[in-house]
Amino acid sequence: MSSPKLRLDVVTIFPEYLDPLRHALLGKAIEQGILAVGVHDLRDWAAGNHKSVDAPPLGGGPGMVMKPEVWGPALDDIAQGRAGAELDSAEAHRNDRLRHDDVAQVAPRPYEAQDEDRDKPLLLVPTPAGTPFTQRDAQAWSREEHIVFACGRYEGIDQRVFEDAEKKYRVREVSIGDYVLIGGEVAVLVIAEAVTRLIPGVLGNTESHEEDSFSDGLLEGPSYTKPRVWRGLEAPAVLTSGDHKKVEAWRREQSLKRTRAVRPDLLERAALSDDDRFMLDAREVETRVDVGDKRVVAKQVRRALKKAGYRADRIERDGATLTVRGRTALALDEATRVVANAVGAYEGGDTLGNFARLESPE
Ligand code: SAM
């Protein structure tokens, strides 16, 4: 079997905590030879009968700090490739199903590696005081060959361990969120899973992670499956319309609206097209302008309005008054101006927003 694409080494005082790495898709990746995992008991490097790994903090205070004399040699040995307890998959996996990417002949599409010197292995140190771990990190680290995790417990690990480790590793202190866990093991499982699923071959369908939340800087919208009606609740009709373009537009709109509601910070940083802005900000409007006796060709007006960001559903004329109903994200006076420009005549007019609601108040 060829060498694995990624080797993970985890140093911990609770090796059994890393058992979930044997299961499901990660277990399968180990079985397929894509991933290799070594789990190391930090106490193997501890001296004395008690194999103590911690000591009171310098300067006083509560809790204990993990000792540099134990961590230093452990990280030295692992950087040099000292083999640890290897995990191999404990779970039997179904291998009888054809992979989507094999059937559809999808070529592997690995993510870009981070632009840095990758001669040394990457040492990831989970800590609430680290920089936030993101999907972008997961994408970049899915191109690594060797990642080592140092699981802290108690108040954490003596900081000099990481200063010293810079000689042998690229060191990153990372947090998985703004809360405090008891130890780094769960954070390792989180990071290992997020990184490994992006290695080509781990998921059967590459598109499934390319369309996930964060991949385009936005959250994914809601998902539905059969039956179409469940407990009286209907799935959105567009999803069973068979119109792929409409489904795609609906999904984009849901994704944009959910991101705005739940994570407006992401929306601020996302690259949005004019269509996206329309989906987010457009509301129903009705515009009336006085066109006198000017000839108006509805098709031309509709086209000009679309260009200006006003999508007209209905254009009606009653004598000198032209009424346009549609959707736009433009300010109301701007919408009036745009309609007047589109008909090439402006003798005064007005635009009402959300006309449907104005007409039928609750
Ligand atoms: N005294 C530390 C502080 O306030 O920053 C907290 C130590 S915490 C109780 C023990 C260990 O849990 C840490 O060394 C780290 O390995 C892990 N940990 C806790 N919260 C974490 C988080 N949000 N992200 C990553 N690791 C975390």
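Let me start with contacts. In this predicted model, residues 24 or more positions apart account for 76% of the contacts in the chain with a separation of 6 or more. A contact here means two C-beta atoms, placed from the backbone, within 7 Å.

Ground rules. Residues are numbered from 1 along each chain as its sequence is written. Because the model is predicted, local features need pLDDT of at least 70 and side-chain atom pairs count only at pLDDT 80 or more, while totals for chains, interfaces and linings use all residues.

Now the whole chain. It has 13 helices and 14 strands. These are DSSP runs, numbered from the N terminus: helices are H or I with at least four residues, strands are E with at least two. The radius of gyration is 29 Å, well over the 21 Å that the globule rule gives for 362 residues, so the chain is more spread out than a compact globule. That radius is taken over C-alpha atoms, and the rule is 2.2 Å times the number of residues to the power 0.38. Along the principal axes, the C-alpha atoms fill a box of roughly 100 × 55 × 45 Å. Buried residues make up 28% of the 362. Buried means 20 or more other C-beta atoms within 10 Å of a residue's own, with C-beta atoms placed from the backbone.

Next, helix 2, residues 68-79. It has 12 residues and reaches 16 Å from first C-alpha to last, close to the 16 Å expected at 1.5 Å a residue. The expected span is 1.5 Å times one less than the number of residues. Which residues of helix 2 are buried? V70, W71, A74, L75 and I78. They cover an arc of only 115° around the axis, which puts them on the same side of helix 2. The arc is that of the directions from the helix axis to the C-beta atoms. Their packing partners include strand 1 (6-12), strand 6 (122-132) and helix 5 (160-165). Just after helix 2, G81 takes a positive phi of about 85°.

4 strands form an open, antiparallel sheet in the order 12-13-11-14. Strands pair if DSSP finds at least two bridges between them. Strand 12 (310-318) and strand 14 (349-353) stand at the edges with a single partner strand each, so one side of each is left without a neighbour in the sheet. Strand 12 and strand 13 (residues 321-328) pair over 8 bridges.

Technical notes: Buried ≥ 20, exposed ≤ 12 C-beta atoms within 10 Å, placed from the backbone.
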